[in-house]
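Please read it with the model open alongside.

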Amino acid sequence: MENVLEVIHQAVMEGDMALTQQKVQEAIDAGVAPDSILQDSLIPAMAEVGRLFEEGEYFVPEMLIAARAMKAGLALLRPLLVAADVKPAGKVAAGTVKGDLHDIGKNLVCMMLEGAGFEIVDLGVDVPPEKFIDAVVNQGVDIVAMSALLTTTMPNMKSTLEAIKAAGVRDKVKVMVGGAPVTDAYAREIGADGYAPDASRAVTLAKALMAA
Ligand code: B1M
């Protein structure tokens with residue numbers, strides 16, 4: 001059965017959605033533990049994709065199709081993982097801030113985080129501060145992940161952070177930010193807990209924030 005896990009690993013890396021689904025189903029049917037399919041095949045494959053992206057060997061399209069293949073495999077596993085009560089790596093509420101409709105990068109970040117075992121509450125685009133706060137208060141998320149692609153909407157990261165503070169829940173959640181115009185210096189200036197320049201490093205950051 002080691003072989004089928006290797007095939008799934010390779011299929012995800014190549015972004016072969018159909019083969020990923022077929023082999024994940026085959027592994028399930030053969031009795032491989034869902035947690036093992038996730039931890040020993042899907043997650044390492046996405047980690048490898050992230051590494052290749054950081055090294056400049058993979059680009060956004062390769063990362064996107066790999067993430068889609070991973071998602072397709074995960075869709076078959078999810079009900080089994082829930083039934084087996086496998087704990088996620090953490091729960092993340094992700095959204096593009098108020099006034100901003102760009103979601104390709106945010107979706108990629110969500111997919112990579114999901115690929116790394118995080119549970120995602122995708123708040124979508126044009127997300128007002130109240131929606132982020134609602135996710136912290138009512139959905140028990142560990143991390144708020146804000147994306148912004150416009151210099152004009154970046155300040156809404158600051159106002160969202162201020163609203164989270166004003167709601168008295170800042171100590172309940174870590175806040176990470178990213179998006180093309182966002183910088184590490186800006187993240188520090190507004191009091192976020194971290195900044196990631198791309199989806200792969202968003203995973204590294206989210207893991208570090210969970211460990212902190
Ligand atoms: Co818009 N747009 N756009 N646009 N758009 C940009 C961002 C722009 C740079 C284009 C330009 O002028 N050169 C410019 C912004 C200029 C600025 O503010 N300085 C711009 C503009 C001006 C606009 C409009 C105002 C245009 C208009 O209507 N006059 C308008 C605004 C609408 C609004 O949001 N209110 C607008 C609209 C649109 C479309 C709807 C047409 C479309 C968005 C479709 C969609 O997302 N569903 C669009 C697109 C596609 C772009 C460009 C071409 C591509 C963005 C993208 O998807 N990149 C963009 C130009 C460019 O970037 N070259 C542009 C690919 C994506 C994978 O990268 O989103 O950077 P990115 O995400 C990366 C990292 O940034 C990071 O990880 C991702 C993957 O590695 N990351 C995070 C992102 N979020 C993160 C969160 C994290 C961590 C990492 O932690 C939480």
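1. The structure is a predicted model. Every value in this note should be read as computed from that prediction.

2. The largest nonpolar core. This core holds 47 residues. Within it, the residues with the most contacts are Ile8, Ile37, Leu38, Met46, Leu77 and Met176. At least two core residues come from each of the helices α1 (2-13), α2 (17-29), α3 (34-54), α4 (60-83), α5 (104-115) and α9 (199-211), and likewise from each of the strands β1 (91-97) and β3 (143-147). The most is given by α3, which supplies nine residues. As general background, nonpolar side chains in soluble globular proteins tend to be buried together.

3. Ile8 and its surroundings. Which residues does Ile8 contact, leaving aside its neighbours within four places in sequence? They are Thr20, Lys23, Val24, Ala27, Ile37, Ser41 and Leu42. Ile37 in this list is, with Ile8, among the residues that have the most contacts inside the core.

4. A separate core. Another nonpolar core, of 26 residues, lies apart from the largest one. Its members include Leu123, Ala135, Met154 and Val173. Val173 is taken up again in point 9.

5. The contact of α5 with α9. Two packed helices are described by the angle between their axes and the distance between the axes. For α5 and α9, the axes come within 8 Å and cross at roughly 50°; the two helices are therefore oblique to each other. Their crossing is right-handed. On the α5 side the contact is made by Leu108, Val109, Met112 and Leu113, and on the α9 side by Ala199, Ser200, Ala202, Val203 and Ala206. Eight of these residues are nonpolar, one is polar and none is charged.

6. The contact of α4 with α5. Here the axes come within 9 Å and cross at roughly 50°, which makes α4 oblique to α5. The crossing of α4 and α5 is left-handed. From α4, the contact involves Val60, Met63, Leu64, Ala67, Arg68, Met70, Lys71, Leu74 and Arg78; from α5, it involves Leu108, Met111, Met112, Glu114 and Gly115. By class, this contact has nine nonpolar, one polar and four charged residues.

7. Gly95. This glycine lies in strand β1. Is Gly95 buried or exposed? Its relative accessible area is 0%, so Gly95 is buried. Gly95 and Ala145 are 50 residues apart in sequence, yet their C-alpha atoms are 6.5 Å apart in space. Beyond its neighbours within four places in sequence, Gly95 is in contact with Lys106, Leu123, Gly124, Val127, Phe132, Ala145, Met146 and Ser147. Of these, Leu123 is a member of the core of 26 residues.

8. Thr153. The loop between β3 and α7 (155-166) contains Thr153. With a relative accessible area of 4%, Thr153 is buried. Not counting residues up to four places away in sequence, Thr153 touches Val97, Lys98, Gly99, Asp100 and Ala148.

9. Val173 and Ala167. Both residues are placed in the loop between α7 and β4 (174-178), Val173 as well as Ala167. How do they stand in accessibility? Val173 counts as buried, at 5% relative accessibility, whereas Ala167 is partly exposed, with a relative accessible area of 40%. C-alpha to C-alpha, Val173 and Val136 are 7.0 Å apart in space and 37 residues apart in sequence. The residues touched by Val173, again without those up to four places away in sequence, are Val136, Val141, Asp142, Ile143, Val144, Ile164 and Asp193.

10. A backbone point at Asp126. Most residues other than glycine have a negative phi. Asp126, in strand β2 (residues 119-127), has a positive phi near 55°. Asp126 is partly exposed, with a relative accessible area of 37%. The reader may wish to view this residue in the model.

Key
Residues are numbered from 1 along each chain as its sequence is written. This is a predicted model: local features need pLDDT of at least 70, side-chain atom pairs count only at pLDDT 80 or more; totals for chains, interfaces and linings use all residues. Side-chain values use heavy atoms; hydrogens and water are left out. A nonpolar core is a set of buried Ala, Val, Leu, Ile, Met, Phe, Trp, Tyr and Cys residues joined through side-chain atoms within 4.5 Å. Buried means under 20% relative accessible area, exposed over 50%, partly exposed in between (1.4 Å probe, protein chains only). Helices (H or I, at least four residues) and strands (E, at least two) are DSSP runs, numbered from the N terminus. Contact means heavy atoms within 4.5 Å. Axes are lines fitted to C-alpha atoms, for helices over the stretch in contact, and angles run from 0 to 180 degrees between N-to-C directions. Angles under 35 degrees count as roughly parallel, over 145 as roughly antiparallel, 65 to 115 as roughly perpendicular and the rest as oblique. A crossing is left-handed if the near helix is turned anticlockwise from the far one by less than a right angle, and right-handed if clockwise. Ala, Val, Leu, Ile, Met, Phe, Trp, Tyr, Cys and Pro count as nonpolar, Asp, Glu, Lys and Arg as charged, and the others, Gly among them, as polar.
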